[in-house]
Amino acid sequence: MRLGWIEYLLQTLIILSLLGFAFDTMPDLDDDVRRHLRHFETASLLIFSAEYMVRMVLTRPTTRYAFSFFGIIDFLSILPFYLSFTTG
């Protein structure tokens, strides 16, 4: 399933997320900047989660996307975010 121009926005968000992750690893980063990066990471993961759910809802049968290569990659990429809530 193609989402058109939304896919380009998601690809841009992926690149920005990777850059944010790289900056977050800098040891001398200001706490305020680090806090903004964490907010950006949370917002990005919520957007990625919404995209995953939209693809699940719009694909018939649902398992076709869920067990596809990209479906599994999408699931594995957002899973650690939600697991972090269960581990504290």
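Author: A pocket, in the sense used here for this predicted model, is an open set of grid points where a 1.4 Å probe fits, with protein on both sides within 12 Å along at least five of seven lines.

Reader: What volume does the largest pocket have, and which residues lie nearest its centre?

Author: The lining of the largest pocket is made up of 32 residues, and its volume is about 980 Å³. Those that lie nearest the centre are Ile 14, Phe 48, Glu 51, Asp 74 and Ser 77.

Reader: Which element gives the largest share of the lining of the largest pocket?

Author: Two or more lining residues come from each of helix H1 (5–24), H2, helix H3 (62–66) and H4. By class, the lining has 17 nonpolar, six polar and nine charged residues. The largest share, 10 residues, is given by H2.

Reader: Is H2 parallel, antiparallel, perpendicular or oblique to H4?

Author: Helix H2 (residues 31–58) packs with helix H4 (residues 69–87) at an angle of about 140°, and their axes lie 10 Å apart. Angles over 145 degrees would count as roughly antiparallel and those from 65 to 115 as roughly perpendicular, so the arrangement of H2 to H4 is oblique.

Reader: Which residues of H4 does H2 meet, and what is the handedness of the crossing?

Author: From H2, the residues Thr 42, Leu 45, Leu 46, Phe 48, Ser 49, Glu 51 and Tyr 52 meet Gly 71, Asp 74, Phe 75, Ser 77, Ile 78, Phe 81 and Tyr 82 in H4. By class, this contact has eight nonpolar, four polar and two charged residues. The crossing in which H2 passes H4 is left-handed.

Notes:
Residues numbered from 1 in each chain as written. Predicted model: local features only at pLDDT ≥ 70, side-chain atom pairs only at ≥ 80, totals over all residues. Heavy atoms only, no water. Axes fitted to C-alpha atoms, helices over the stretch in contact; angles between N-to-C directions. Helix = DSSP H or I, 4+ residues; strand = E, 2+ residues; numbered from the N terminus. Parallel < 35°, antiparallel > 145°, perpendicular 65-115°, else oblique. Left-handed = near helix turned anticlockwise from the far one by under 90°. Contact = heavy atoms within 4.5 Å. Nonpolar A, V, L, I, M, F, W, Y, C, P; charged D, E, K, R; others polar. 1 Å grid on protein atoms, 1.4 Å probe; cavity = no way out; pocket = protein on both sides within 12 Å on 5 of 7 lines; lining within 4 Å. Points joined across faces, edges and corners; volume = space filled by probe spheres on them.
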